[in-house]
Amino acid sequence: MMYNFNEIEAKWQKYWAEQQTFKAENNSTKPKYYVLDMFPYPSGAGLHVGHPLGYIASDIYARYKRHKGFNVLHPQGYDSFGLPAEQYAIQTGQHPAITTEANIKTYRRQLDQMGFSFDWSREVRTSSPEYYKWTQWIFIQLFNSWYNNSLDKAESIGALVDVFSQEGNSNIDAVCDDAIPVFTADEWNSFSSDRQQQLLLQYRLTYLAETEVNWCPELGTVLANDEIVNGVSERGGYPVTRKKMTQWSMRISAYAERLLQGLQTIDWTDALKESQRNWIGKSVGATVVFDLKDHASTIEVFTTRPDTIFGVSFMTLAPEHELVNQITSLAQKPAVDAYVLATAKRSERERMADVKTISGVFTGAYAEHPFTKKPVPVWIGDYVLAGYGTGAVMAVPCGDQRDYDFAKHFNIEIPNIFEGVDISTEAFTDKGTTVIANSDFLTGLEYKEASKQAIDALEAKNHGVGKINYRLRDAVFSRQRYWGEPFPVYYINGLPQMIASEHLPISLPEVEKYLPTEEGEPPLGRAEVWAWDTTLNAVVENDKIDHKTIFPLELNTMPGWAGSSWYFNRYMDAHNSNELASTEALNYWKEVDLYIGGSEHATGHLLYARFWQKFLFDLGVVPVDEFAKKLINQGMILGMSAFVGRVEGTNTFISADKITTESIQWIHADVSFVNASDELDVSAFKSWREEFKNAEFISENESHFKVKREVEKMSKSKYNVVNPDDIVSDYGADSLRLYEMFLGPLEQYKPWNTSGITGVHNFLKKLWKLYVSENRSKVTSAVATKDHLKTLNKTIKKVTEDIENFSFNTSVSTFMIAVNELTAQGCTSKTILEPLLVLIAPYAPHIAEELWEQLGHKESITTAEFPEFDASHLVESVKAYPISFNGKMRFTLELSLDLSKEEIEAAVMGNEKTLAQLEGRVPKKVIVVPGKIVNIVG
């Protein structure tokens with residue numbers, strides 16, 4: 001019987017689907033375990049061999065936990081809203097839903113053929129109205145909530161209204177907008193409804209505000225910082241500019257401290273935690289208010305070094321700061337306007353990363369030092385960001401290198417306020433125990449005391465206050481595109497109103513085109529009618545609403561991270577039409593026990609998801625405020641790119657082993673044109689593109705044209721993608737699963753090499769032969785030998801430790817060793833070979849199921865208990881003693897380790913080999929070291 005992996009894998013995939021083998025129950029006497037992968041965006045290209053890495057790891061662990069007696073939830077779904085489908089719709093006119101559905105079918109087929117133990121009965125899609133109904137519901141709850149600092153949690157906006165109507169807002173400690181006017185209860189009660197709503201917007205956890213955003217004209221939408229790479233859009237590489245727009249924002253800043261503290265309670269990687277800590281960016285210091293000369297306005301800055309207040313020699317505003325237009329002098333206006341325009345073309349990330357370029361413009365305005373009253377020139381510079389802090393800095397060039405470089409470049413004064421420190425070549429940035437100098441009442445004080453006294457003095461003068469600041473900014477939540485969740489919002493008198501929850505979902509309407517309207521509205525502005533599930537009182541007629549003639553609807557859609565910020569909770573009760581998930585299901589599963597995904601989501605999805613989880617916890621919707629106990633970031637499988645060398649300025653290609661000139665342009669070639677010997681199929685390459693059709697190729701002969709190889713990220717644009725369909729067809733899913741684990745530690749980056757998969761494929765053939773001869777099973781009821789039991793138990797021990805430590809690569813090596821040993825031992829014992837299959841099953845489930853069935857089992861191997869390690873089989877009971885004569889070893893003798901020194905000597909001296917060596921002589925002495933050696937002297 002041959003190992004026909006294609007038939008075997010198709011058979012068991014069909015069995016698992018029909019039997020719903022991996023369907024989890026929400027009630028079980030077993031302990032629960034929830035394993036989750038970051039769900040994929042279904043792109044048109046489908047999966048390449050790099051994508052399954054994390055899925056294979058999570059699947060091994062999920063299968064292992066089932067064997068260990070857990071009720072395992074291992075669901076899968078699709079993050080199915082996204083720009084690629086919309087861009088394709090713009091180009092072709094095909095509705096994004098059609099494109100997405102086709103892509104999902106491809107993904108599902110590919111995922112199924114790899115044998116993943118997903119519970120597909122709980123599949124979710126973020127683009128499904130049944131799903132985004134609850135995304136819209138969460139948005140409504142955020143709108144109807146505010147953050148109470150006194151209780152350190154979110155509360156209903158109704159509770160805030162009650163306080164306003166009884167006490168006003170003077171005693172409210174809330175996370176809210178700056179500069180909210182103080183009002184009494186009588187004043188509140190006298191305000192018009194519109195005025196009250198305007199004030200409440202400044203407290204709500206999701207709110208409308210004019211903010212600086214990353215605008216991409218080509219894509220026609222706002223982009224998040226993590227959607228921009230090197231100043232251009234990640235999708236398409238289009239230019240991105242900064243502009244002000246009225247946008248929905250999420251007040252994630254309210255949760256900054258809790259997001260920081262929560263990191264101490266979860267088992268996530270140190271690198272990822274550090275990324276989030278840096279992104280949140282907690283700083284302790286003070287706000288300082290500078291009056292402006294000849295202006296009524298003031299400039300507020302935040303500083304972590306109030307002790308350096310006397311070292312201020314200039315101020316820098318972000319080019320986007322609202323005061324720039326107000327304070328710029330006529331003489332400086334042309335230069336300032338030109339600088340502001342140039343800065344708008346650079347993303348915030350680009351500006352933050354560019355530490356070498358020094359640029360700025362003097363506004364012509366001066367601030368007044370709060371203590372000395374001296375004039376302080378006000379500049380603008382792109383190293384200051386409008387969204388961080390107050391968008392302004394007090395520049396202390398002697399104590400900050402960027403300020404120092406700026407001052408040197410523009411010949412601005414650099415006063416030294418540090419005692420005994422030389423600042424002639426660089427700033428002094430070490431707080432340490434440095435004593436402050438030339439600083440009036442702070443002179444002679446060290447950092448901590450000087451900071452305290454500076455804050456006290458600023459507060460006494462009403463020019464500042466001690467403060468904790470966070471780099472984390474509120475998240476822009478609007479996107480000017482079609483393919484996203486519609487907002488459940490309409491407007492009356494320009495003020496947002498929430499559509500009642502009973503009318504959700506607000507489904508995406510049909511539009512003629514997916515581009516912004518001629519008036520500049522988002523694509524949803526093209527919708528003639530919007531359909532609703534039920535009648536909306538006085539707003540909807542015949543289940544349809546014309547957004548232009550009754551009440552204006554919100555025409556933006558939600559960002560891509562909306563649906564992914566809570567999906568892990570939906571899996572717990574995926575088909576509940578009455579609530580996000582039932583209390584019973586949420587209390588049973590609680591949180592994800594193991595979450596696997598890429599580290600690139602550290603400051604995007606993973607931060608937003610923690611924010612929403614904490615908010616839902618405050619509302620009492622979910623039972624825990626962190627959604628994932630443990631998180632592992634898988635590494636990346638890299639592609640082996642192929643490059644052909646073309647002489648610059650020509651269409652002549654030279655074989656890589658013949659290149660002697662430096663004037664070579666290296667061009668990516670599709671790896672499918674290259675064989676295992678790095679030789680290019682020249683005819684296929686010529687047919688690939690019109691520009692290569694008549695190219696000249698110089699080599700020994702056309703069949704030996706060499707390419708250059710380099711390891712790069714696996715990407716369609718680099719033509720180095722390997723399709724898992726081909727690997728599964730040629731070697732089987734079990735080979736693919738084993739090989740991806742065998743490549744190296746899960747968290748590391750490692751290159752793909754298709755030729756390497758033959759090793760694990762041959763191992764599976766050898767495993768098959770251990771159980772099956774040509775036409776019958778080789779497994780018998782033979783009694784296991786000590787060697788058999790030793791091999792099995794050391795394998796159990798190592799594999800169990802490896803799985804628990806997520807060291808899957810070394811498990812594969814252990815399996816190979818075990819099969820080699822058992823083959824050499826001629827093992828046919830069912831006592832050994834049956835538990836060995838259970839060990840291998842999480843890694844190579846198809847072959848394990850097939851051989852398990854051949855052993856006579858009627859139930860799936862997934863129901864079998866994981867073997868337990870028995871240490872007694874690894875304890876050596878005998879020792880092969882080297883028997884030496886005058887220091888020279890002549891033979892070995894196997895003796896029990898329980899024997900005493902005298903018994904060992906007697907056994908050796910009575911052995912016929914010893915008698916033959918002595919030839920009748922009587923030795924002078926016999927040296928015995930129990931457990932080690934025997935040496936006969938004389």
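Predicted model: local features only at pLDDT ≥ 70, side-chain atom pairs only at ≥ 80, totals over all residues.
1. **The β6/β7 hairpin.** Strand β7 covers residues 221-223 and is joined to β6 by three bridges, the two running antiparallel. Together β6 and β7 make a hairpin with four residues between them, and G220 in that turn has a positive phi of about 65 degrees.

2. **The other partner of β6.** Strand β10 (residues 241-250) also runs antiparallel to β6, with 10 bridges joining the two. As for burial, nine of the 11 residues of β6 (residues 206-216) are buried, so the strand is largely enclosed by the rest of the structure.

3. **The four-stranded sheet.** Elsewhere there is an open sheet with parallel pairing, in the order β2-β1-β23-β24. Its edges are β2 (71-73) and β24 (628-633), each of which pairs on one side only. On average, neighbouring strands here are turned by 20 degrees against each other, ignoring direction.

4. **Inside that sheet.** β1 (residues 32-37) and β23 (residues 592-597) run parallel and are joined by three bridges. In this pairing, L36 stands opposite Y595 of β23. Have a look at α2 too: the helix lies across β1, β2 and β23, and runs at about 170 degrees to β1.

5. **A mostly covered helix.** Helix α25 (residues 830-840) has eight of its 11 residues buried. They are I832, L833, P835, L836, L837, V838, L839 and I840. What do they pack against? The partners are α2 (52-67), α22 (757-771), α23 (786-804), α24 (808-824) and α26 (845-854). Note that α2 turns up again here, in contact with the buried residues of α25 as well as lying across the sheet strands of point 4.

6. **The α21/α22 crossing.** Helix α21 (residues 733-742) packs on α22 at an angle of about 125 degrees, and the axes are 9 Å apart. That angle makes α21 oblique to α22. The crossing is right-handed. On the α21 side the contact is made by D734, S735, L736, L738, Y739 and F742, and on the α22 side by I757, V760, H761, F763 and L764. Sorted by class, that gives eight nonpolar, two polar and one charged residues. Helix α22 is also one of the elements that the buried residues of α25 pack against.

How values were computed: Residues numbered from 1 in each chain as written. Heavy atoms only, no water. Buried < 20%, exposed > 50% of the residue type's maximum accessible area, 1.4 Å probe, protein only. Contact = heavy atoms within 4.5 Å. Axes fitted to C-alpha atoms, helices over the stretch in contact; angles between N-to-C directions. Parallel < 35°, antiparallel > 145°, perpendicular 65-115°, else oblique. Left-handed = near helix turned anticlockwise from the far one by under 90°. Nonpolar A, V, L, I, M, F, W, Y, C, P; charged D, E, K, R; others polar. Pairing = 2+ DSSP bridges.
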